[in-house]
Amino acid sequence: MTRSSVDNLPLSGQRILLGVTGGIAAYKSPELVRRLREAGADVRVVVTDGGSRFITPMTLQAVSGYPVRSDLWDATAEAAMGHIELARWADRVLVAPASADIMARMAAGMASDLLTTLILATEAEVILAPAMNRVMWASPVVAENRKRLEARGMKFIGPGSGSQACGEVGEGRMAEPGEIVSALATTTTDRPLAGRRVLITAGPTIEDIDPVRYVGNRSSGRMGFALADAAARAGARVVLVAGPVSLDTPPGVERVDVRSARQMHSQVMQHVGDCDAFIGVAAVADYRPVSPSADKIKKEGRPVWNLELERNPDILADVAGLDPRPLVVGFAAETGQVEENARAKLESKGLDMIVANRVGENAGFEVEDNALVVIEPDARHDLGHGTKRMLAGKLIEHLAHRLNQGKDES
Ligand code: C5P
């Protein structure tokens with residue numbers, strides 16, 4: 001069973017870091033935590049000094065099921081999960097209620113307490129649900145801060161209009177917990193891989209014969225890099241294990257560089273644990289020299305050279321053999337009988353999906369274009385011919401559909 005098929009809630013598997021700041025709306029935070037958890041999210045809470053004047057960390061700990069953090073300098077909490085680790089842990093950071101003060105500090109790029117430090121240290125999406133008095137919300141400086149935060153890609157939910165705790169009526173009420181959860185679920189649909197983790201291999205592997213010679217292949221890494229970029233754009237956390245290629249890392253992608261098939265195997269096994277999908281795009285060398293030499297091998301006195309090679313581990317088949325395992329996608333670069341060969345590989349390696357890739361005819365290795373057909377145990381989708389970037393987008397869309405199937409049907 002693949003890990004992805006067991007979850008069917010709107011925020012399944014999402015790691016949400018909730019920042020509670022100083023505002024009377026903090027009394028709704030326990031309800032918000034409860035609803036986020038009911039929607040499938042894993043929630044950790046950080047409270048600012050101001051937030052803890054309105055709601056006790058103990059209440060939030062009880063509803064979230066985890067200790068609540070508030071102090072950047074708490075050595076015991078740092079030993080359990082350091083603030084940088086917490087910033088990396090989060091798929092999304094939700095600041096609710098977001099006070100005028102936190103908006104100003106975020107806009108200024110301050111790291112003056114645990115929450116602002118985490119926000120600066122995270123690569124996750126940041127969403128604010130503001131709550132404040134209507135005059136404060138209407139003030140030009142708050143509007144300016146909002147614009148600055150939006151320009152940096154942060155999202156706002158609310159505020160709504162109505163009667164306020166201060167007795168006034170107007171805009172500034174925090175959106176209701178149910179509305180916040182629905183808004184998060186809707187933006188998950190816009191970014192169909194939000195909260196998902198995808199591991200991709202790309203490029204060739206290089207197997208050293210001696211310090212100057214190696215066994216390699218013509219893979220440029222472009223298809224794998226285009227897929228990593230498309231997956232990150234769709235909201236996934238992407239780890240890209242890359243063989244030696246001269247390509248820039250796509251924005252937001254964590255890249256691990258390797259050289260040989262055995263190094264690639266070891267990095268994949270280290271990162272695959274919490275992944276929803278594994279896409280093996282790398283052209284992994286099937287063989288490596290049995291006895292690589294530390295010194296340059298001389299040609300003198302060697303009219304014929306028999307180089308002895310041994311099989312490398314099959315990374316894709318090993319990932320497919322894990323239990324539980326992610327959704328496993330392979331690539332099959334073929335020159336003839338493309339689909340037949342790809343289907344045979346799908347079955348022999350026990351994959352969920354294989355992407356048949358015709359090499360040659362202005363597609364495949366070292367060129368910008370490609371032609372892909374997705375083959376599944378009982379389906380076939382022709383993605384057509386086009387740039388690797390365009391095809392990567394289509395393939396990621398298809399993958400997201402497969403991963404979210406449980407949700408679509410619920
Ligand atoms: O068996 P073949 O090399 O044709 O299969 C290609 C697929 O298997 C690709 O997805 C490739 O990344 C993966 N593979 C692997 N480890 C190997 C050989 C291939 O992950 N040693």
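The model is predicted.

## Overall architecture

The protein chain comprises 16 helices and 19 strands. Its C-alpha trace extends about 95 × 45 × 40 Å along the principal axes. Of its 410 residues, 50% count as buried. When contacts between residues at least 6 apart in sequence are considered, 69% of them join residues at least 24 apart.

One pair of positions illustrates the extent of the chain. Pro10 and Val212 are separated by 202 residues in sequence and by 53 Å in space, C-alpha to C-alpha. Pro10 belongs to the segment before strand 1 (15-20), and its relative accessible area of 40% makes it partly exposed.

## The largest nonpolar core

The largest nonpolar core contains 37 residues, and those with the most contacts inside it are Leu193, Ile200, Leu227, Ile279, Phe331 and Ile396. Two or more residues each are given to this core by strand 8 (197-202), helix 11 (222-233), strand 11 (237-242), strand 13 (277-280), strand 16 (327-334), strand 17 (353-358), strand 18 (369-376) and helix 15 (388-403). Helix 11 gives the most, with 8 residues.

The surroundings of Leu193 show how separate parts of the chain meet. Beyond four places in sequence, Leu193 touches Val198, Ala231, Ala234, Gly235, Ala236, Ile396, Ala400 and Leu403.

Strand 8 also holds Thr201. Thr201 is buried because its relative accessible area is 2%, which falls under the 20% limit. Apart from neighbours within four places in sequence, Thr201 is in contact with Val241, Met264, Val268, Phe278, Ile279, Gly280, Val281 and Ala282.

Met264 and Val268 are among the buried residues of helix 12 (residues 261-271), together with Ala261, His265 and Gln267. The buried residues of this helix pack against strand 8, strand 9 (207-208), strand 11, strand 12 (253-257), strand 13 and helix 13 (315-320).

## The ligand and its surroundings

There are 13 residues around the ligand, of which Gly280, Ala282, Pro313, Phe331 and Lys345 come nearest.

| Residue | Protein atom | Ligand atom | Distance |
|---|---|---|---|
| Ala282 | backbone N or O | oxygen | 2.6 Å |
| Ile315 | polar backbone atom | nitrogen | 3.0 Å |
| Lys345 | side-chain N or O | oxygen | 2.3 Å |

Lys345 has a further partner within the protein: a polar contact of 2.8 Å joins its side chain to that of Glu334. Glu334 is placed in strand 16. With a relative accessible area of 13%, Glu334 is buried. Setting aside residues up to four places away in sequence, Glu334 touches Asn341, Lys345, Asn357, Arg358 and Val359.

## Helix 7

Helix 7 (residues 114-121) is largely enclosed by the rest of the structure, because 6 of its 8 residues are buried. The buried positions are Leu114, Leu115, Thr116, Thr117, Leu118 and Ile119. These residues pack against strand 1, strand 2 (42-47), helix 5 (83-89), strand 3 (92-98), helix 6 (100-107) and strand 4 (125-130).

## Aromatic rings and charges

The count of aromatic pairs is 0. Arg44 lies over the face of Tyr66, at 3.6 Å from the ring centre, and Arg146 lies over the face of Phe156, at 4.7 Å from the ring centre.

## Backbone features

A cis peptide bond joins Gly158 and Pro159, with omega about 5 degrees. Pro159 is found in the loop between strand 5 (155-156) and strand 6 (160-163). The peptide bond from Asp323 to Pro324 is also cis, with omega near 0 degrees, and Pro324 occupies the loop between helix 13 and strand 16.

Gln337 is not a glycine, yet it has a positive phi of about 45 degrees. Gln337 lies in the loop between strand 16 and helix 14 (338-349). This residue is exposed, with a relative accessible area of 57%.

Definitions and conventions. Residues are numbered from 1 along each chain as its sequence is written. This is a predicted model: local features need pLDDT of at least 70, side-chain atom pairs count only at pLDDT 80 or more; totals for chains, interfaces and linings use all residues. Side-chain values use heavy atoms; hydrogens and water are left out. Rings of Phe, Tyr and Trp (its six-membered ring) pair if their centres lie within 6.5 Å; planes under 30 degrees apart count as stacked, over 60 as edge-to-face and the rest as tilted. A charge sits over a ring if NZ of Lys or CZ of Arg is within 6 Å of the ring centre and within 35 degrees of the ring normal. A nonpolar core is a set of buried Ala, Val, Leu, Ile, Met, Phe, Trp, Tyr and Cys residues joined through side-chain atoms within 4.5 Å. Buried means under 20% relative accessible area, exposed over 50%, partly exposed in between (1.4 Å probe, protein chains only). Helices (H or I, at least four residues) and strands (E, at least two) are DSSP runs, numbered from the N terminus. Contact means heavy atoms within 4.5 Å. A residue is near a molecule or strand if one of its heavy atoms lies within 4 Å of it. A polar contact is a pair of N or O atoms within 3.5 Å; within protein, one must be able to donate a hydrogen and the other to accept it, and residues adjacent in sequence count only if both atoms are side-chain atoms.
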